[in-house]
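Me: I have a structure to read and I am new to this. Can you take me through some features, step by step?

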Amino acid sequence: MHMILHFLVPLIVSLLFFRSDSDKKAWLKAYLIMMAGMLIDIDHLLATPIYDAGRCSVGFHPLHTLVPISLYFLMCFFKKTRVLGVGLMIHIILDSIDCQMTNGVWWV
């Protein structure tokens, strides 16, 4: 379910907030940019084991820590980086919810 939400939530957000009458595919561009936010999971390759169902990503993996998350949040306020920032924040929020549901914590 967690992985499905990583694809579904950005799609819903892009359809609701990034539609344009002048550019019929604006939502698709926004969705693809938001999906680029999934690339922050590359930091999972630095962990041993790479995947651990009981491990909370937020606060553990380098791109899921406070400094990068702060930068993702700031990106939401600048037009040129807004869509990617929103995608990254969606990713972090979903990972935080997963931490809460699997481990009972929001942050490691």
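Reply: Start with helices. Helices here are DSSP runs of at least four residues, numbered from the N terminus. Keep in mind that this is a predicted model.

Me: Where is Phe17 placed?

Reply: Phe17 sits in helix α1, which covers residues 2–17.

Me: Is Phe17 buried or exposed?

Reply: Exposed means over 50% relative accessible area. Phe17 has 63% relative accessibility, so Phe17 counts as exposed. Phe17 also belongs to a nonpolar patch on the surface, together with Met1, Ile4, Leu8, Ile12 and Leu16. The patch has about 700 Å² of accessible area.

Me: Now the cysteines. What is a disulfide?

Reply: A disulfide is a covalent bond between the sulfur atoms of two cysteines. To find one, look for a pair of sulfur atoms within 2.5 Å. The count here is 1 disulfide. Cys56 and Cys99 form a disulfide, with their sulfur atoms 1.8 Å apart. The link of Cys56 and Cys99 is right-handed, with 95 degrees about the S-S bond.

Me: Which parts does the pair tie together?

Reply: Cys56 lies in the loop between α2 (26–36) and α3 (66–75), and Cys99 lies in helix α4 (residues 82–103), so the pair ties together parts that are 43 residues apart in sequence.

Me: Are Cys56 and Cys99 buried or exposed?

Reply: Buried means under 20% relative accessible area. Cys56 is at 4%, so Cys56 counts as buried. Cys99, at 2%, counts as buried too.

Me: What about Cys76?

Reply: Cys76 is in no disulfide. The nearest cysteine sulfur, that of Cys99, is 19 Å away. Cys76 has a relative accessible area of 18%, so Cys76 is buried.

Conventions. Residues numbered from 1 in each chain as written. Predicted model: local features only at pLDDT ≥ 70, side-chain atom pairs only at ≥ 80, totals over all residues. Heavy atoms only, no water. Helix = DSSP H or I, 4+ residues; strand = E, 2+ residues; numbered from the N terminus. Buried < 20%, exposed > 50% of the residue type's maximum accessible area, 1.4 Å probe, protein only. Patch = residues over 30% accessible without salt bridge, like charges linked within 9 Å, V, L, I, M, F, W, Y side chains within 5 Å. Areas by Shrake-Rupley, 256 points an atom, 1.4 Å probe, with all protein chains shown as cover. Salt bridge = Lys/Arg side-chain N within 4 Å of Asp/Glu carboxyl O.
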